[in-house]
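Let's take a walk through this fold, going from the sheet and its helices to a pair of rings. Keep the viewer open and follow along.

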Amino acid sequence: MSAMKGRVVLVTGGASGIGFATARRFAEAQATVIIADLDKATVTGAAGELARQKLDVHGMVLDVTREAHWVRIMRQIERRFSRLGVVVNNAGVGRPGAIVDTSLADWRFVTSVNLDGVFLGVKYGIEALTRHGGGAIVNVSSIIGTVGTANNAAYAASKGGVRQLSKVAALECAAAGNGIRVNSVLPGYVEMQRKGAKKMSGEKRRALIDATPMARFATPAEIADAIYYLASAESSYVTGTDLIVDGGFTAQ
């Protein structure tokens, strides 16, 4: 029997990219997966695609920045599935620009999704997992939360905040003895493009590949594997850590 069989997993930002790959990874390990994302049609399409492959995947609408949405989705999960075992806080956005050109509105938009959204996911995740006997929370940060990059202040600050929030949550859960482990995954550059996103120029892409020791971008599935590991029994003594998955980029 799969180690994930019978476990219920919530993945935010699960309709595309790393989130979708993560939903697939857990579902293929026989977990029950809830894809949560902002747009109903996108959520329905993503969940339906995996469900047609005979995977136990369900879609729910969630705006991670709204506390009332978190309260509602946790109630829905408990009513439909009785328990929750894993929370993956993956939803994130970026609005590149120099600090002097970044409006307060743009700053607040990025940090509300990337940091406030993770805070709410951790807060309500801890409450739900405690009720159900423990589990794992995995927060998706970024190597940009460690090394920084020009023209990306809001993103870098928010992702750095996710790392520290994860550590504090891990310490609090360990002290409480509630059986919850909290960790963060820090992806490097990943081979994907969101619909409607501005495509990276060929020149920038080449420069980033050249700066990466493994000389390529990661696939979303490779990040999903790291997330899966941190939620699995194989990482039972791992909490409060950063798992960097960047092809050696930050080792330099």
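Before we talk about helix packing, one convention: an axis here is a line fitted to C-alpha atoms, for helices over the stretch in contact, and angles run from 0 to 180 degrees between N-to-C directions. Also keep in mind that this is a predicted model.

With that in hand, look at α4 (residues 104-131) and α5 (residues 153-176). Their axes come within 8 Å and cross at roughly 15 degrees. Angles under 35 degrees count as roughly parallel, and α4 and α5 are therefore roughly parallel to each other. The crossing in which α4 passes α5 is right-handed. On the α4 side, the contact includes W107, V110, L115, F119 and I126, and they face a set in α5 that includes A153, Y155, V162, L165 and C173. Sorted by class, the residues of this α4 and α5 contact come out as 15 nonpolar, four polar and one charged.

Now for the sheet. It is an open one of seven strands, paired in parallel, and reading across gives β3-β2-β1-β4-β5-β6-β7. The edges belong to β3 (57-61) and β7 (242-245), each of which pairs on one side only. From one strand to the next, the twist averages 20 degrees. Zoom in on β2 (residues 32-37) and you'll find five bridges joining this strand to β3, with the two running parallel. Within that pairing, A36 stands opposite M60 of β3.

Helices lie across these strands too. α3 (residues 67-81) lies across β1 (8-12), β2, β3 and β4 (86-89), and runs at about 150 degrees to β3.

Another helix pair is α1 and α2 (residues 40-51), whose axes come within 11 Å and cross at roughly 30 degrees. These two are therefore roughly parallel as well, and α1 passes α2 in a right-handed crossing. Here F20, A23 and R24 of α1 meet A46, E49 and L50 of α2. That contact has four nonpolar, no polar and two charged residues.

Last stop: the rings. How many aromatic pairs does a search of the whole structure find? There are three. In one of them, F26 and Y228 have ring centres 5.2 Å apart and planes at 50 degrees, so the pair is tilted. Since F26 sits in α1 (residues 17-28) and Y228 in α7 (residues 220-231), the pair ties together parts 202 residues apart in sequence.

Conventions. Residues numbered from 1 in each chain as written. Predicted model: local features only at pLDDT ≥ 70, side-chain atom pairs only at ≥ 80, totals over all residues. Heavy atoms only, no water. Pairing = 2+ DSSP bridges. Helix = DSSP H or I, 4+ residues; strand = E, 2+ residues; numbered from the N terminus. Contact = heavy atoms within 4.5 Å. Parallel < 35°, antiparallel > 145°, perpendicular 65-115°, else oblique. Left-handed = near helix turned anticlockwise from the far one by under 90°. Nonpolar A, V, L, I, M, F, W, Y, C, P; charged D, E, K, R; others polar. Phe/Tyr/Trp six-rings, centres within 6.5 Å; stacked < 30°, edge-to-face > 60°.
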